[in-house]
Amino acid sequence: MYLSRDLEEAAKNRSLRTPNQARSLRLKLRECSSFAAYPNYVQEELSRVGLLERYDRARVLLREGHLPARVYFIISGTVVMTRFNKELREEETVQILNKGDIFGDTEVLDGCRRVATVTTHPTRN
């Protein structure tokens, strides 16, 4: 998804975002299928309060067991979800998510702890 420089700056800082920029951001974010699945009024609110963040490869975004604070829409790149298997005493890949996917929503909506660790893919951006 391409964002103009002005729109990208507005997406990174909600306090500087104008209503027109929020509207433009909403239209761009609708290219993300998980965002587009929400009703218009939810899209409008998310476009008003959401933030654009970019992460390096192999960066942990959230950890299993932590309290939730955010919902993530993947607009580019890939993330890996893992859980710790107590019996095997090792991390197991649960799912790989790509552009258009969402994660973290269940924990935020249910108010429960994170069920998996999510890391940006080590080789794909």
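## How helix 2 passes helix 4

Helix 2 crosses helix 4 in a right-handed manner; a crossing is right-handed if the near helix is turned clockwise from the far one by less than a right angle, and left-handed if anticlockwise. The axes of these two helices come within 9 Å and cross at roughly 115°. Here, axes are lines fitted to C-alpha atoms, for helices over the stretch in contact, and angles run from 0 to 180 degrees between N-to-C directions. Helices (H or I, at least four residues) and strands (E, at least two) are DSSP runs, numbered from the N terminus.

Which residues meet? From helix 2 come Ala22, Leu25, Arg26 and Leu29, and they meet Asn40, Gln43, Glu44, Ser47 and Arg48 in helix 4. Contact means heavy atoms within 4.5 Å. Sorted by class, the contact of helix 2 with helix 4 has 3 nonpolar, 3 polar and 3 charged residues. Ala, Val, Leu, Ile, Met, Phe, Trp, Tyr, Cys and Pro count as nonpolar, Asp, Glu, Lys and Arg as charged, and the others, Gly among them, as polar.

## What kind of model this is

This is a predicted model, in which local features need pLDDT of at least 70 and side-chain atom pairs count only at pLDDT 80 or more, while totals for chains, interfaces and linings use all residues. Residues are numbered from 1 along each chain as its sequence is written, and side-chain values use heavy atoms, with hydrogens and water left out.

## The overall picture

The protein has 5 helices and 6 strands, and along the sequence they follow the pattern α-α-α-α-β-β-β-β-β-α-β. The C-alpha trace spans about 50 × 30 × 25 Å along its principal axes. Of the 125 residues, 32% are buried (under 20% relative accessible area; exposed is over 50% and partly exposed in between, with a 1.4 Å probe and protein chains only). Among contacts between residues at least 6 apart in sequence, 64% join residues at least 24 apart.

## Helix 1 against helix 2

Helix 1 (residues 5–12) and helix 2 (residues 19–29) have axes that come within 10 Å and cross at roughly 100°. That makes helix 1 roughly perpendicular to helix 2 (65 to 115 degrees; under 35 is roughly parallel, over 145 roughly antiparallel, and the rest oblique). Asp6, Leu7, Ala10 and Ala11 in helix 1 meet Gln21, Ser24, Leu25 and Lys28 in helix 2. These contact residues divide into 4 nonpolar, 2 polar and 2 charged.

Let's look at one of them. Is Ala11 buried or exposed? Ala11 is buried, with a relative accessible area of 2%. Leaving aside residues up to four places away in sequence, Ala11 touches Arg17, Leu25, Gly50, Leu51 and Leu52.

## Rings that pair up

How many aromatic pairs does a search of the whole structure find? There are 3. Rings of Phe, Tyr and Trp (its six-membered ring) pair if their centres lie within 6.5 Å; planes under 30 degrees apart count as stacked, over 60 as edge-to-face and the rest as tilted. Tyr38 and Phe73 form an edge-to-face pair, 6.0 Å centre to centre with 75° between the planes. Tyr38 lies in the loop between helix 3 (33–36) and helix 4 (40–49) and Phe73 in strand 2 (residues 72–73), so the pair ties together parts that are 35 residues apart in sequence. Both are partly exposed: Tyr38 at 26% relative accessibility and Phe73 at 23%.

The rings of Tyr72 and Phe103 have centres 4.7 Å apart and planes at 5°, so this pair is stacked. Tyr72 in strand 2 and Phe103 in strand 5 (residues 102–103) are 31 residues apart, and their pair links distant parts of the chain. Tyr72 and Phe103 are both buried. Finally, ring pairs link Phe35, Tyr38 and Phe73 into a cluster.
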